[in-house]
Every structure is written in C-alpha cells, then in structure tokens.
Amino acid sequence: AVRPATVARRDKDIMALTTEAPQWFLDALAVPCAQRQVEVDGATISYLAWGEPGQRGLVFVHGGAAHAHWWTHVAATFASEFRVLALDLSGHGDSH
C-alpha cells in the first residue's frame with residue numbers, strides 16, 4: 001500500500017512539474033496517445049501509439065529496467081509526421 005505521505009509528496013512533485021516544466025515538454029505530454037497490446041509467441045507486448053495509422057512509422061525502444069512511457073515526451077513530438085510506437089519489451093512496463 002502507498003502511504004499518504006508518499007502520495008502527498010508525489011502529488012506535490014507533479015504540481016511542481018506542471019509549474020516548472022518548459023512549455024515544449026507540457027505540449028508533448030498533451031499529445032493524445034493510445035495504449036495497445038499485441039500477443040507475440042505467448043507474450044503480451046504493450047505499446048503506446050501516437051499519430052495516424054498509415055503514416056510512415058517510427059519506433060522507440062527503451063533500454064534495460066525501463067518502459068515505453070520514458071519516450072512519451074520525445075515520441076509525441078513526431079506524431080504530426082509519423083505513426084509513432086513506443087514498446088514495452090517483454091517483462092518491462094505493462095508487457096508480460
């Protein structure tokens with residue numbers, strides 16, 4: 001269980017982010033994305049998608065001990081030109 005002090009600190013950190021972050025970062029976080037899953041050889045792979053299907057593709061893959069959301073502020077900036085996907089590798093993020 002998350003302790004109330006931890007939740008309060010996290011909420012304070014989020015509020016600080018929204019008041020101190022540069023506008024380009026806030027704009028990137030505001031770009032809508034879809035979270036989807038696909039089955040691959042018995043593993044559920046989760047991914048985030050921005051942009052319109054049918055556009056040229058661009059794929060972001062995280063490093064070890066990370067997840068797809070690490071790319072949100074970067075991937076979203078390409079959504080007007082590309083169909084962008086950020087993967088959760090098997091065993092990371094929302095993939096299993």
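The model is a predicted one. The secondary structure comprises three helices and four strands, and these elements follow the order α-α-β-β-β-α-β from the N terminus. Of the 96 residues in the protein, 25% are buried. Among contacts between residues at least 6 apart in sequence, 62% link residues at least 24 apart.

**Sheet**

- The four strands form an open sheet in the order β1-β2-β4-β3, and the pairing within this sheet is mixed.
- Strands β1 (34-40) and β3 (57-61) lie at the edges, each pairing on one side only.
- From one strand to the next, the twist averages 30°.
- Seven bridges connect β1 with strand β2 (residues 43-50), and this pairing is antiparallel.
- Within β2, Thr44 is the bridge partner of Glu39.

- Thr44 belongs to strand β2, and its relative accessibility is 10%. Thr44 counts as buried because this value falls under the 20% limit.
- The side chains of Thr44 and Glu39 are joined by a polar contact of 2.6 Å, and Glu39 also has Thr44 as its bridge partner.
- Leaving aside residues up to four places away in sequence, Thr44 touches Gln37, Val38, Glu39, Ser95 and His96.
- One of these contacts, His96, lies 52 residues from Thr44 along the chain, yet the C-alpha atoms of Thr44 and His96 are 5.3 Å apart.

**Nonpolar core**

- The largest nonpolar core has 11 residues: Ala28, Leu48, Trp50, Phe60, Ala68, Ala75, Ala76, Ala79, Phe82, Val84 and Ala86.
- Strands β2 and β4 (83-87) each contribute at least two residues to this core.
- Val84, one of the core residues, touches Leu48, Ala49, Trp50, Leu58, Phe60, Ala75, Phe78 and Ala79 when residues up to four places away in sequence are not counted.

**Aromatic pairs**

- The protein contains four aromatic pairs, counted by ring centres within 6.5 Å.
- One of the pairs is Trp24 with Phe25, whose ring centres are 5.8 Å apart and whose planes meet at 90°. This pair is edge-to-face because its plane angle is over 60 degrees.
- Trp24 has a relative accessibility of 52% and therefore counts as exposed, whereas Phe25, at 17%, counts as buried.
- Another pair is Phe78 with Phe82, with ring centres 6.3 Å apart and planes at 65°, so this pair is also edge-to-face.
- Phe78 is partly exposed, with a relative accessible area of 33%, while Phe82 is buried, with a relative accessible area of 15%.

**Aromatic cluster and its links to the core**

- Phe60, Trp71, Phe78 and Phe82 form one aromatic cluster.
- Phe60 and Phe82 belong to this cluster and are also members of the largest nonpolar core.
- Phe60 and Phe78, both in the cluster, are among the residues that Val84 touches.

Key. Residues numbered from 1 in each chain as written. Predicted model: local features only at pLDDT ≥ 70, side-chain atom pairs only at ≥ 80, totals over all residues. Heavy atoms only, no water. Pairing = 2+ DSSP bridges. Axes fitted to C-alpha atoms, helices over the stretch in contact; angles between N-to-C directions. Phe/Tyr/Trp six-rings, centres within 6.5 Å; stacked < 30°, edge-to-face > 60°. Buried < 20%, exposed > 50% of the residue type's maximum accessible area, 1.4 Å probe, protein only. Contact = heavy atoms within 4.5 Å. Polar contact = N/O pair within 3.5 Å; in protein donor to acceptor, adjacent residues only side chain to side chain. Core = buried A, V, L, I, M, F, W, Y, C linked by side-chain atoms within 4.5 Å.
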